[in-house]
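Please look over the model below before reading my comments. They are meant for someone new to reading structures.

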Amino acid sequence: MSGSGSGAMSGGTAGQEQAWRTGLGVVTEATGSDRAGKITTAAAAVVLDADGKLADVMLDELELSVSGGSTGSVTTPEDVRSKRTKGDDYPLAAASSLKKGWAEQADAFADYLIGKTPEEVSMLKLDNDGRGTDADLLSGCTIAVDRYRDAISKACSSAKVLGAAKGDRVSLGIEAVNATSDVTATDDKDVNAGIDVSMVAVTLDADGRVTSAVADMAEPALTVMSDGGIKAPDMVETKLEQGDRYGMRGASSIDKEWYEHSEGFCGYLKGKTRAEVADIPSDGSDADLMALCTISIEDLQKAALDAMAAVN
């Protein structure tokens, strides 16, 4: 999370507060070769102030490596936590010239962007390896930031007035589940090795109550063949990005597309504390929630709780 101190501000006119916008942006890259594949999902949660400038930013990233054997065997990692969640278990600090871990460097990048416009973010100068070139940025962050920059740009482009106001802090939670069911590819059947990623961005007021939320999901997958070859998709879109093309409306009991269920869930979170969010039943027994959202909320709820815990 940005350490800019934007959350310590207070006051502002009602008109300014209504203009503050919350956004969630996701960039997924998938690569595949003869027997090795990788899925990388970078996510950014942002708040834009009344002037359209970044007031707060939080980043996270998830990596899934897949290997294929000559007999069609498929190997995926058991640990599918995000880099921020892994903390010291993600061994970057020892190899860093700054001796800083991933979260420290990602937060330094976020801090560097506070006060910039989305256009300024998109025009950020990077070297051929995706690293920053500005000395002020490099003093706190030497990792490649090209994916994070692009995720932030997406988040800014999709940001909406949802209830965030001056003084709120933004946070991001990611919940991932290994979606690979088969472990061996055959001549007759390829294996889809993938991961289901649920992401929730929330803004919280000084009392820790949700003022706005955005939820999204992605289902990136690599195709593993019987000879161990791995193919990657040309593009991975999240469910929000697919919009009406996702095709849920016809199967929905309340005639809603996935993004509308997501909006219903996020609206239901507003005004709640972390304890109250944790108490939301995920079994469909809450009639008020079911009137807005009938999709499974289990992983989205976990992601929201992760986000809310990250600011404490």
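1. Basis. This is a predicted model, in which local features need pLDDT of at least 70 and side-chain atom pairs count only at pLDDT 80 or more, while totals for chains, interfaces and linings use all residues. Residues are numbered from 1 along each chain as its sequence is written, and side-chain values use heavy atoms, with hydrogens and water left out.

2. Length of helix α8. Helices (H or I, at least four residues) and strands (E, at least two) are DSSP runs, numbered from the N terminus. The expected span of a helix is 1.5 Å times one less than its number of residues. Helix α8 covers residues 258–269, so its twelve residues should span 16 Å, and the 17 Å between its end C-alpha atoms agrees with this. Just after α8, glycine 271 has a positive phi of about 85°.

3. Surroundings of α8. Buried means under 20% relative accessible area, exposed means over 50%, and partly exposed lies in between (1.4 Å probe, protein chains only). The buried residues of α8 are Trp258, His261, Ser262, Gly264, Phe265, Cys266, Tyr268 and Leu269. They pack against β7 (210–218), α7 (239–242), α9 (274–278), α10 (287–290) and α11 (298–309), where contact means heavy atoms within 4.5 Å.

4. Strands β6 and β7. Two strands pair if DSSP finds at least two bridges between them. Strand β6 (residues 191–204) and β7 run antiparallel and are joined by eight bridges. Threonine 203 stands opposite serine 212 in β7. Five residues lie between the strands of this hairpin, where glycine 208 takes a positive phi near 80°. In β7, nine of nine residues are buried.

5. Salt bridges between separate elements. Side chains of opposite charge can pair when their charged atoms come close. A salt bridge here is a side-chain nitrogen of Lys or Arg within 4 Å of a carboxyl oxygen of Asp or Glu, and the whole structure has 19 of them. In one, the closest N and O atoms of aspartate 107 and arginine 84 are 2.8 Å apart. Aspartate 107 belongs to helix α3 (residues 102–113) and arginine 84 to helix α2 (residues 83–86), so this pair, 23 residues apart, links distant parts of the chain. Both aspartate 107 and arginine 84 are buried.

6. Lysine 239 and glutamate 219. The closest N and O atoms of this salt bridge are 3.7 Å apart. Lysine 239 lies in helix α7 and glutamate 219 in the loop between β7 and β8 (221–224), so the pair ties together parts 20 residues apart in sequence. Lysine 239 is buried, at 7% relative accessible area, whereas glutamate 219 is partly exposed, at 42%.

7. Arginine 149 forms a salt bridge with aspartate 150, with 3.1 Å between the closest N and O atoms. Arginine 149 is buried at 16%, and aspartate 150 is partly exposed at 33%. Elsewhere, salt bridges with shared partners join Glu29, Lys38, Glu61, Glu63, Lys83 and Arg147 into one network.

8. Cysteines. How many disulfides does the structure hold? There are zero, a disulfide being a pair of cysteine sulfur atoms within 2.5 Å. The closest cysteine sulfur to that of cysteine 156 is in cysteine 141, 17 Å away, which is too far for a bond. For cysteine 293 the closest is in cysteine 266, at 8.8 Å, also too far for a bond. Cysteine 156 is buried at 6% relative accessibility, and cysteine 293 is buried at 1%.
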